[in-house]
Amino acid sequence: MPQASYEYAVGRISVLSNKMLDAAQLRRLSEAGTFHEALAMLLETGYGGNIAAEHINNQEIDYLIREQLQISRRMVWELTPEPELTSLFLLEVDTHNIKTLLKARLLGVDAPDVLIAGGYFSLEFLKECIKTKNYDAMPDAYRIMMNKIENELTRSVDPLIFSAEIDQAMFKHIKRVLDKKNDHSFVREYFSLMADFQNARSVVRARLMHWDVDKLRVLLLDGGEIDHKVFLDNIDTPMEQLGAEFNRGSHGKLISQTVEEYVTTGQTPVLKHKMETALMNVLRSVKWNMFSLGPIIGYLMAREAEAKALRMIFGANRGGFEIELPELYA
Amino acid sequence: MITLGTALAFGGAAIAAALAGVGSAMGVGIAGQAGSGVISEDPDKFGNVLVLQALPGTQGIYGLLIAFIIVLNIGVIDGNIKELSTFQGLALLFSGLPIGIGGLLSGIYQGKVAASGIYLCAKRPEETGKGIILTAMVETYAVLSLLISFIMVNGVKL
C-alpha cells in the first residue's frame with residue numbers, strides 16, 4: 001500500500017510526469033501525414049505500453065487514450081493524501097456519466113461506449129442509482145438535485161435544463177466540501193474561477209440565444225466570487241459594457257478582458273480557451289509547492305489535457321482538418 | 001554525589017543529542033519518503049537518492065559529538081563524575097542549545113531541500129549534483145551551531 005504522504009506522492013509523480021508528451025511532441029503528432037504515421041510516432045514515445053501500431057485501428061486509439069487516462073486517475077487516487085479534495089477534480093467525469101446515463105434511460109438505450117470510468121463514483125453505482133431512481137447514497141447536493149430532476153422529468157424533458165442542474169449539483173457539492181474542510185488553497189481558487197468563467201459564458205450564451213432571466217438562473221453555478229445577481233442583472237446590458245460589469249473579485253479583470261475580447265473578435269471559442277488557460281495558470285502557480293496537493297492535481301489535469309489533445313489530433317487526422325492544440329500544463 | 005550543576009550539564013548533553021537527533025530523523029524521513037516515491041517508479045535512481053537522503057543525517061552526529069564531549073568532560077565515561085557548580089552546569093546546558101536547536105531546525109529544512117533535490121534528480125538526473133549542492137548549503141548552519149557549541153563547551157573550566 002503506498003504511503004499517503006505528499007513527499008512520496010510527488011516523488012512518484014516527478015518520475016511519471018517525465019513520461020508525458022510535451023508540447024513539441026504533440027505538435028509533431030498533429031503534423032503527421034496519416035493516421036498510422038501519427039500512431040507510430042505516439043507509440044514510439046512509450047505511450048500505451050508496448051503495443052504495436054499495426055494492432056490498433058481507428059476506433060481503438062480512443063480506447064488506448066481512455067485506458068491511459070484511467071491508469072493516471074487511479075494512480076492519483078491511490079497516491080493522494082487528500083482524497084476528498086482530489087475527488088473534486090474527478091467530478092467532471094461523474095457529471096458526464098450521470099448526464100449520459102440519464103439521457104440513455106430516457107431514450108431507452110444503453111450507452112456503454114460513452115461512459116468513462118475513473119470518476120469519483122463507480123460506474124456500477126451510478127448505473128444503479130439512475131436505473132432505480134434512488135439517489136439516497138449520493139452526497140446531499142447530488143441527492144437533492146437528482147430527486148428534483150426526476151420530479152421534473154415526470155412533467156417534461158428538457159436536456160439543457162437537467163444538464164445544467166447536474167452541473168449545479170457538482171458545484172454545490174464542491175462548495176460544501178471546500179467549506180467543510182475550510183479550504184482556502186488553490187483548489188477553491190480553481191473552482192471559484194471556473195464557476196465565475198462559466199457563469200460569464202452562460203450570460204453571453206443567454207444573450208446570443210435570447211434566453212430569459214429564468215433560464216439563465218438555472219445555468220448559473222455556485223462557488224464563484226461574483227454574485228449571481230450581477231449575472232442576472234446584466235442579461236440585457238449592451239455587449240460592449242458586459243465585460244466591465246464582470247470586473248469583480250480576484251479574477252474579475254481577466255473575465256472582463258475575455259468577454260471584451262469576445263465582443264471585439266466575435267470568436268466564441270475565446271471564452272473557453274481563456275478559461276482553460278486561466279485554470280491551468282492556477283495549477284501552474286502551485287506546481288513547485290512540493291509538499292502540497294498542487295503537483296498531484298497538476299499531474300492529473302496534465303494527463304487530462306494530454307488525452308484531450310490526443311483525441312483532437314487523431315480526430316483532426318481522420319477528418320483531415322486543422323486544429324489548435326488545447327492548453328497544456330507543462 | 002550528583003549536584004544540581006552536574007544534572008544541568010547532563011541536560012545540556014541530552015538537549016544536544018536529542019534535539020539534533022530528532023531534526024535528523026525528521027529530515028531523513030522526509031527525504032526518504034520522497035526517495036521511495038522516485039525509486040518505486042525508477043529503481044535505477046537509488047544511488048543518487050541515497051546520497052541526498054543521507055545528507056540531513058549529519059545533524060544527529062553533530063549533536064552526538066557535543067553530547068559526548070560534555071559527558072566526557074564531566075567524567076561520565078571514566079566513571080568519576082565531577083561535582084559541578086550550578087553555574088558550571090548552566091554553562092554546559094547552554095552549550096548544548098546551539099547544536100540542539102540549530103540541528104533540529106536545519107535537519108528538518110535540509111530534509112525538505114533534499115526531497116526537492118530528489119525530485120530534481122527524478123526529472124533531470126544529470127542535475128543531481130546541483131541538488132546535492134543546494135542541500136549541502138543548509139548544512140552550513142548546522143556546522144555553525146556545532147562550532148559555537150564546541151567553543152562554549154571547551155570554554156567551561158571544570
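Analyst: Let's start with Glu41(B) and Arg12(A), both of which are buried (under 20% relative accessible area with a 1.4 Å probe, protein chains only; over 50% is exposed, and partly exposed lies in between). Their side chains meet in a salt bridge, 2.7 Å from N to O; the term stands for a side-chain nitrogen of Lys or Arg within 4 Å of a carboxyl oxygen of Asp or Glu. Glu41(B) sits in helix H1 of chain B and Arg12(A) in helix H1 of chain A, so this pair joins two chains. Helices here are DSSP runs (H or I, at least four residues), as strands are (E, at least two), numbered from the N terminus.

A word on the source: this is a predicted model, in which local features need pLDDT of at least 70 and side-chain atom pairs count only at pLDDT 80 or more, while totals for chains, interfaces and linings use all residues. Residues are numbered from 1 along each chain as its sequence is written, chains are lettered from A and ligands numbered from 1 in the order in which they are written, and side-chain values use heavy atoms, leaving out hydrogens and water.

Now step back to the interface around that pair. Here 15 residues of chain B are in contact with 17 residues of chain A, contact being heavy atoms within 4.5 Å. Together the two chains bury about 1300 Å², with carbon and sulfur atoms giving 60% of it; this is the accessible area (1.4 Å probe) that two parts lose on being put together, summed over both. Glu41(B) turns up again here: with Tyr119(B) and Lys123(B), Glu41(B) supplies 49% of the area that chain B buries against chain A, more than any other three residues. The rule finds one salt bridge across this interface. On the side of chain B that touches chain A, the elements giving two or more residues are helix H1 (4-41) and helix H4 (86-123) of chain B. H1(B) gives the most, with eight residues. By class, that side has six nonpolar, five polar and four charged residues (Ala, Val, Leu, Ile, Met, Phe, Trp, Tyr, Cys and Pro count as nonpolar, Asp, Glu, Lys and Arg as charged, and the others, Gly among them, as polar).

On the side of domain 1 that touches domain 2, helix H1 (6-16) and helix H16 (294-319) of chain A each give two or more residues. H16(A) has the largest share of that side, six residues. Glu276(A) is buried at 17% relative accessible area, whereas Lys308(A) is partly exposed at 29%.

For another pair in chain A, look at Lys274(A) and Glu261(A), whose side chains meet in a salt bridge at 3.3 Å, N to O. Lys274(A) belongs to helix H15 (residues 269-285) and Glu261(A) to helix H14 (residues 252-265), so the pair ties together parts 13 residues apart in sequence. Lys274(A) is partly exposed at 31% relative accessibility, and Glu261(A) is partly exposed at 30%.
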